[in-house]
Amino acid sequence: MTEVMTDTAARAPTERQGHSGMLSSFVGRYWLAVTLFLMIAVFAWLRPQILDPANIVTILRTSALMAIMVLGLTWLIAAGKIDVSFMHVAALGNMTAAWLLAGGSGWTIAALAGIAVGAVAGLVNGFLVAVLRLPPLIVTIATGGICASAAAALGKGTSVRIADPGILGELLYVSWGPIPLIAIVVAVVYALSWYAQEKLTFGHYIFATAQSEAAVNEAGISSRRLLLFLFVFSGLCSAIAGVLLAANLSSGQPMIGNSYFIDGLTAVLLGGMMIRVGKPNVIGTTTAILLLSVLVSGSAMLGWADYQRQIIKGLLLLLGVAVAMRASRSPSAHATGA
Amino acid sequence: MPDRLTLPAGFGRFVAFLILVAVVAGAFALIEPRFLSSQNLSAVTRHMATNGLAALGLTLVVIVRKFDLSFAGTACFAAMTIGFLIANGYDLWVCILVGLAAGAAIGAINGIAISVFGLPDIVTTIATGSIAGGLAFLYSKGRTIFQNFMQSGIIDLNDARILGYSVSFFFLIAIYAVAWFLMHRTRYGASFQATGENPVSAYFSGVPTKLYTFLAFVICGMTSVLAVVLILAESGTADTNEGANLLMPAYAGVFLGAALLGGTSVLATLAGTFLITMLLDGFSLIGVPYYYSDGVVSAILLAGVVLFDQRVRMLFHDLSTFLLPASEPREKRP
């Protein structure tokens with residue numbers, strides 16, 4: 001019941017790969033990246049202004065903020081748990097920072113407090129799920145509801161304006177040509193995360209936890225502590241994104257979580273359809289976030305309504321799950337597993 | 001052990017639940033005497049009908065050990081479908097039937113994707129819910145539909161009374177009675193339970209487990225439509241986010257009920273829904289701002305899950321060590 005993505009590697013029989021196996025393996029692993037490039041090409045053909053440096057900066061900046069928010073979520077889902085409170089934790093971090101700023105404190109205090117709130121939320125989630133062994137979906141629905149409520153209560157139901165976006169606000173708008181500074185920072189963070197996920201045993205334990213917590217424990221690693229860490233990390237990531245959004249929007253928005261819920265989960269789960277098929281991973285998440293941002297930007301230029309994008313995102317998610325399941329049943333899929 | 005001294009299973013929990021209800025009702029009545037007025041009780045029962053219907057389908061899905069996060073989106077889509085048909089002058093029963101068919105269709109898509117193709121339930125239902133929520137905008141490009149609502153008779157569903165209580169409440173009781181009988185007194189219900197408990201052994205015992213999982217999702221889609229029909233009747237308009245508020249109370253109802261009465265069942269959901277609705281209504285009556293209500297429901301849900309879950313495990317643990325003192329070495333105890 002707790003597993004979010006189905007365990008795909010275990011089911012696939014190990015057979016020798018033929019030529020077609022290689023091809024379907026490649027398609028299974030990289031179709032998301034191929035889709036991203038095709039989508040950019042089509043949008044650039046229909047609306048060349050999507051490749052304007054200013055527009056690329058916007059796409060990369062929104063992608064970067066989203067990427068920070070769902071980095072922890074990626075690993076949590078990879079470890080077989082789910083966190084549906086991440087967007088409300090971000091909203092609470094966002095409102096805590098904005099509320100403190102409106103109350104006259106400095107950016108340092110406000111930012112640290114916002115991030116600390118996220119860590120606390122993550123700790124609570126982690127304690128309930130990892131230590132008390134409660135179902136993660138129900139626990140995070142409930143903690144998410146509490147965070148959303150607290151965020152709204154801080155602003156008495158409306159948004160809080162921030163007079164001075166501070167140094168964070170300035171840094172967010174620093175860019176060289178089409179590349180904003182924040183995108184470079186996020187790229188470095190994701191590169192380090194990729195290293196931790198692929199080259200360190202830490203990553204192996206994340207994926208192993210999804211398969212069998214007992215096996216991880218037998219290997220001498222406390223799966224409880226690992227999950228606790230992942231929940232706290234997810235809370236931290238969401239809250240940092242929330243604080244950055246406060247600087248970016250010059251305001252605290254209590255309802256900001258709602259717009260990130262579907263997008264965040266779609267990014268992680270679509271990302272899980274790439275490279276390690278059936279397993280969320282940081283490279284997949286990055287690709288999926290870029291795909292969603294390009295889709296939003298391009299479809300806005302084509303004049304599509306918000307609901308049309310929502311339908312496309314839903315279809316994309318459904319298609320992604322179906323493709324991944326199909327790919328995982330073909331004989332070659334085992335090669336892509338851990 | 002003498003047989004006649006044993007009380008029905010879960011009787012203690014039922015008494016605890018009644019005491020909890022009495023305490024909550026008493027607290028609200030002390031703060032705000034209007035809480036026990038017939039007007040407010042009638043409102044509580046009407047809201048309970050809405051929340052209870054949405055929670056009923058979710059109960060079945062949870063019994064087969066799946067989750068459905070799509071029914072709020074399904075309800076939004078069905079609400080706009082019904083609104084669109086009403087605005088175009090169709091008979092009310094046609095509108096509701098088509099709405100139910102729409103809900104069943106989305107539920108069937110979930111059911112086929114999850115039970116036949118084996119897609120993961122949470123991801124699939126998030127996707128279909130998102131698609132259904134988007135499709136709700138198709139009829140009117142997102143504008144509220146209100147034309148013809150007055151003449152269609154849907155408002156009467158909200159206003160009709162039997163013995164001073166809304167018809168919808170009696171409808172809720174009737175549908176829960178049917179559901180209780182089917183789920184807990186027939187082999188069909190036993191098959192649902194078996195599918196959730198252990199799909200492999202259920203399958204080898206001759207239960208078509210895929211069919212039951214499929215049915216749970218179809219029913220969940222349909223009950224959310226029934227719930228949203230009541231919302232439409234109350235508001236008199238159809239809005240694109242009409243069903244969005246169904247998600248939290250339904251989850252809280254199912255899991256709070258399961259925590260209180262010691263397991264997911266139709267009656268547990270009814271109990272959980274009753275408590276949640278009473279709390280939500282009470283808080284709005286004493287003037288707590290709307291943005292606290294989600295937090296309150298969440299906090300209660302969390303408290304219920306944590307406290308009762310711990311106690312079950314402790315009780316179970318004590319009981320097992322008491323009954324089986326010598327059957328296993330002591331250090332193997334959890």
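This report describes a predicted model with chains A and B.

## Ground rules

Residues are numbered from 1 along each chain as its sequence is written, while chains are lettered from A and ligands numbered from 1 in the order in which they are written. As the model is predicted, local features need pLDDT of at least 70 and side-chain atom pairs count only at pLDDT 80 or more, whereas totals for chains, interfaces and linings use all residues.

## The two chains

Chain A holds 13 helices and four strands. Chain B holds 14 helices and two strands. Helices (H or I, at least four residues) and strands (E, at least two) are DSSP runs, numbered from the N terminus.

Chain A has 338 residues, and 53% of them are buried. In chain B, 50% of the 334 residues count as buried. A residue is buried if 20 or more other C-beta atoms lie within 10 Å of its own, exposed if 12 or fewer, and partly exposed in between; C-beta atoms are placed from the backbone.

Two residues are in contact if their C-beta atoms, placed from the backbone, lie within 7 Å. Take the contacts in chain A with a separation of 6 or more: 81% join residues 24 or more positions apart. For chain B, that share is 75% of the contacts with a separation of 6 or more.

## Where the chains meet

The contact draws 37 residues from chain A and 35 residues from chain B. On the chain B side, the elements giving two or more residues are helix 5 (121-135), helix 12 (247-261) and helix 14 (290-323) of chain B. Helix 14 of chain B gives the most, with 12 residues.

By class, the chain B side has 23 nonpolar, nine polar and three charged residues. Ala, Val, Leu, Ile, Met, Phe, Trp, Tyr, Cys and Pro count as nonpolar, Asp, Glu, Lys and Arg as charged, and the others, Gly among them, as polar.

## Helix pairs in chain A

Helix 2 (residues 53-78) and helix 11 (residues 256-271) of chain A pack at about 55°, with their axes 9 Å apart. Axes are lines fitted to C-alpha atoms, for helices over the stretch in contact, and angles run from 0 to 180 degrees between N-to-C directions. That angle makes helix 2 of chain A oblique to helix 11 of chain A. Angles under 35 degrees count as roughly parallel, over 145 as roughly antiparallel, 65 to 115 as roughly perpendicular and the rest as oblique. The contact includes Met66(A) and Leu73(A) of helix 2 of chain A, and Tyr260(A) and Ala267(A) of helix 11 of chain A. Its residues are eight nonpolar, three polar and one charged.

Helix 4 (residues 107-131) and helix 10 (residues 223-249) of chain A pack at about 150°, with their axes 7 Å apart. This makes helix 4 of chain A roughly antiparallel to helix 10 of chain A. Their contact has 18 nonpolar, nine polar and one charged residues.

## Helix 12 of chain A

Helix 12 of chain A covers residues 282-301. Of its 20 residues, 15 are buried, so helix 12 of chain A is largely enclosed by the rest of the structure. Just after this helix, Gly303(A) takes a positive phi of about 80°.

## Cys147(A)

Cys147(A) sits in helix 5 (residues 136-154) of chain A. Cys147(A) counts as buried because it has 33 C-beta neighbours inside 10 Å. Beyond residues up to four places away in sequence, Cys147(A) touches Ser85(A), His88(A), Val89(A), Ala91(A), Leu92(A) and Ala121(A). Cys147(A) and Ser85(A) are 62 residues apart in sequence, and 7.8 Å apart in space, C-alpha to C-alpha.

Technical notes
Expected span 1.5 Å × (residues − 1).
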